[in-house]
Amino acid sequence: MKRLVPTLLASSALLIGAGTAQAALPNAATLYKNPQCGCCDEYARQLEALGVEVAIVDDVPIGQVKERVGLPYGLGSCHTIEMGEYVIEGHVPFAAVERLFEEQPDTDGIGLAGMPIGTPGMPGPKQDDWNVYQFRAGEAQPYMTL
């Protein structure tokens, strides 16, 4: 019995910690994409599996969306997400998205340029490090590497 109590306490702490990380994500997001892009739809499905309701908008010029949110030139991807007070550009791994909402830094958003293989929504195994950047007013700086 003495061994059971510490085990139960440790298990409870882990469960509470896991719930807290996921609870930090907003309940809803809007994903802007081109109508033909299937990898964007897959990213949305994976985000929904984390408990986020995703509205997909594919009838507005994506370039105008990127300009409106202040995305740095040359660091775009195939979709742009507005989620809470932040912008998520491209196939950003969910560890970075969760960290963004846990820490809530003073930034406009985070992104991952291009469409790296192995990221959420992109098929295949991870091949290289993923350099996630943060941006504010059109200027980018490193956020994290996964």
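**Close-up A. Gly-118 is partly exposed, with a relative accessibility of 25%, and is found in the loop between strands E5 and E6.** Here "partly exposed" covers the range between buried (under 20% relative accessible area) and exposed (over 50%), calculated with a 1.4 Å probe on protein chains only. The model is predicted, and local features are described where pLDDT is at least 70 and side-chain atom pairs where pLDDT is 80 or more, whereas totals for chains, interfaces and linings use all residues. Residues are numbered from 1 along each chain as its sequence is written, and side-chain values rest on heavy atoms, with hydrogens and water left out. Setting aside neighbours within four places in sequence, Gly-118 is in contact (heavy atoms within 4.5 Å) with Pro-123, Gly-124, Pro-125, Lys-126 and Trp-130. The C-alpha atom of Gly-118 is separated by 9.4 Å from that of Pro-93, a residue 25 places away along the chain.

**Close-up B. The protein chain holds four helices and seven strands.** These elements are DSSP runs numbered from the N terminus, where a helix (H or I) has at least four residues and a strand (E) at least two. Read along the sequence, they follow the pattern α-β-α-β-α-β-β-α-β-β-β. Of the 146 residues in the chain, 39% are buried. Among contacts between residues at least 6 apart in sequence, 55% join residues that are at least 24 apart.

**Close-up C. Tyr-43 belongs to the largest nonpolar core, which has 29 residues.** A nonpolar core is a set of buried Ala, Val, Leu, Ile, Met, Phe, Trp, Tyr and Cys residues joined through side-chain atoms within 4.5 Å. Together with Leu-47, Met-83, Ile-88, Val-92 and Val-97, Tyr-43 touches the most other members of this core. Two or more residues each come from strand E1 (28-33), helix H2 (38-49), strand E3 (79-83), strand E4 (86-89), helix H4 and strand E7 (139-145). Beyond four places in sequence, the contacts of Tyr-43 include Leu-31, Ile-81, Ile-88, Val-92, Phe-94, Val-97 and Pro-120. A second, separate core has five residues, among them Val-69, Leu-71, Val-87 and Phe-135.

Close-up D. A disulfide is counted when two cysteine sulfur atoms lie within 2.5 Å. Cys-39 is in no disulfide, and the nearest cysteine sulfur, which belongs to Cys-37, is 3.3 Å away. Cys-37 is buried at a relative accessible area of 13%, and Cys-39 also counts as buried, at 15%.

**Close-up E. Tyr-86 and Phe-101 form one of three aromatic pairs found in a search of the whole structure.** Rings of Phe, Tyr and Trp (its six-membered ring) pair if their centres lie within 6.5 Å, and the planes are stacked when under 30 degrees apart, edge-to-face when over 60, and tilted otherwise. The ring centres of Tyr-86 and Phe-101 are 5.4 Å apart and the planes stand at 85 degrees, so this pair is edge-to-face. Because Tyr-86 lies in strand E4 and Phe-101 in helix H4, the pair ties together parts that are 15 residues apart in sequence. Both Tyr-86 and Phe-101 are buried. Tyr-133 and Phe-135 form a tilted pair, with ring centres 6.1 Å apart and planes at 50 degrees, and these two residues are buried as well.

**Close-up F. Thr-107 sits in the loop between helix H4 (94-103) and strand E5 (109-111).** Thr-107 has a relative accessible area of 8%, so this residue is buried. Its side chain reaches the backbone oxygen of Gly-109 at 3.4 Å. Apart from neighbours within four places in sequence, Thr-107 is in contact with Tyr-86, Leu-100, Gln-134, Phe-135 and Arg-136.

**Close-up G. Strand E6 (residues 131-136) runs antiparallel to E7, and six bridges join them.** Two strands are taken as paired if DSSP finds at least two bridges between them. Arg-136 has Glu-139 in E7 as its bridge partner. Two residues lie between the strands of this hairpin, in which Ala-137 takes a positive phi near 50 degrees. Asn-131 is also in strand E6, and a polar contact of 3.0 Å joins its side chain to that of Thr-145. Such a contact is a pair of N or O atoms within 3.5 Å; within protein, one must be able to donate a hydrogen and the other to accept it, and residues adjacent in sequence count only if both atoms are side-chain atoms. Leaving aside neighbours within four places in sequence, Asn-131 is in contact with Gly-111, Leu-112, Met-144 and Thr-145.
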